[in-house]
Amino acid sequence: MADVANVIVVSIGYRKAPENPFPAGPEDCYDAAEWLIDNSKAKYRVDLQFLGGESTGGYMATSTYLHLTTSRPAFKLSGLLLNYGIYDLSLLPSVHNFKKPATLMLDGETMTYLRDAFCPGMSYDQLRQPSVSPFHADLRGLDLPPAMFVCGTEDCLLDDTVMMATRWQMGGGKAVVRIVAGAPHGFTVFPWESCSEAKEGGEDGCAFIREMTKG
């Protein structure tokens, strides 16, 4: 992606569950983003312009953006690239309704297990708090940056992508939704040379970054 989109990519090694449950991982991302806002111009000769990630990374990127709206309210992003993220940890219908003869990377049972490891002991109402589930945040009045939401049809998190993109638009932001037929969870990290869906989704994401950062 760094080569194709012609950008500097900084990957955050945030703490992970179950050893480090919520809020450890998001807080690491908040700290990293705030450091980049304050230091990236001096360190990398360019300002922080984009947030993004795949799967949990999409969740972290969205949560981090929402955190920055209060911790760095004057800061403006050029955009977000959000690949098959989870945005409602109380779990949307497609997680429960995803029934396939064989598991394609992720299914409802696995997603529930991972959610419980990340948020142990949380009640349904706690899981729906905006600090936990960005889907439930009030997006109105935030001057939302453009965001691209990418997901495959063979992914139990498809509702998260479609519904979060809709809420983004309802909040006044530009949302580009890319649904790739036949693609499972995680497909954009498959080798592009051997997986046409990965190449399609990856190139679309890189084109979006170039478009939002040009000039």
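Mentor: Let us begin with the surface: the accessible surface of the chain is about 10,800 Å², and 53% of that belongs to carbon and sulfur atoms. Such areas come from the Shrake-Rupley method with a 1.4 Å probe; for residues, only the protein chains shown count as cover. The model is predicted: local features need pLDDT of at least 70, side-chain atom pairs count only at pLDDT 80 or more, and totals for chains, interfaces and linings use all residues. Residues are numbered from 1 along each chain as its sequence is written, and side-chain values use heavy atoms, with hydrogens and water left out.

Trainee: What share of the 215 residues counts as buried?

Mentor: The share is 47%, where buried means under 20% relative accessible area.

Trainee: Why does the radius of gyration agree with a compact globule?

Mentor: The rule, over C-alpha atoms, is 2.2 Å times the number of residues to the power 0.38. For 215 residues this gives a value near 17 Å, and the chain has 17 Å, so the two agree.

Trainee: Why are strand 1 and strand 2 called paired?

Mentor: Pairing requires that DSSP find at least two bridges between two strands. Strand 1 (residues 50–54) and strand 2 (residues 79–83) have five bridges in the parallel sense, so they meet the definition. Within this pairing, G53 has L82 in strand 2 as its bridge partner.

Definitions and conventions:
Helix = DSSP H or I, 4+ residues; strand = E, 2+ residues; numbered from the N terminus. Buried < 20%, exposed > 50% of the residue type's maximum accessible area, 1.4 Å probe, protein only.
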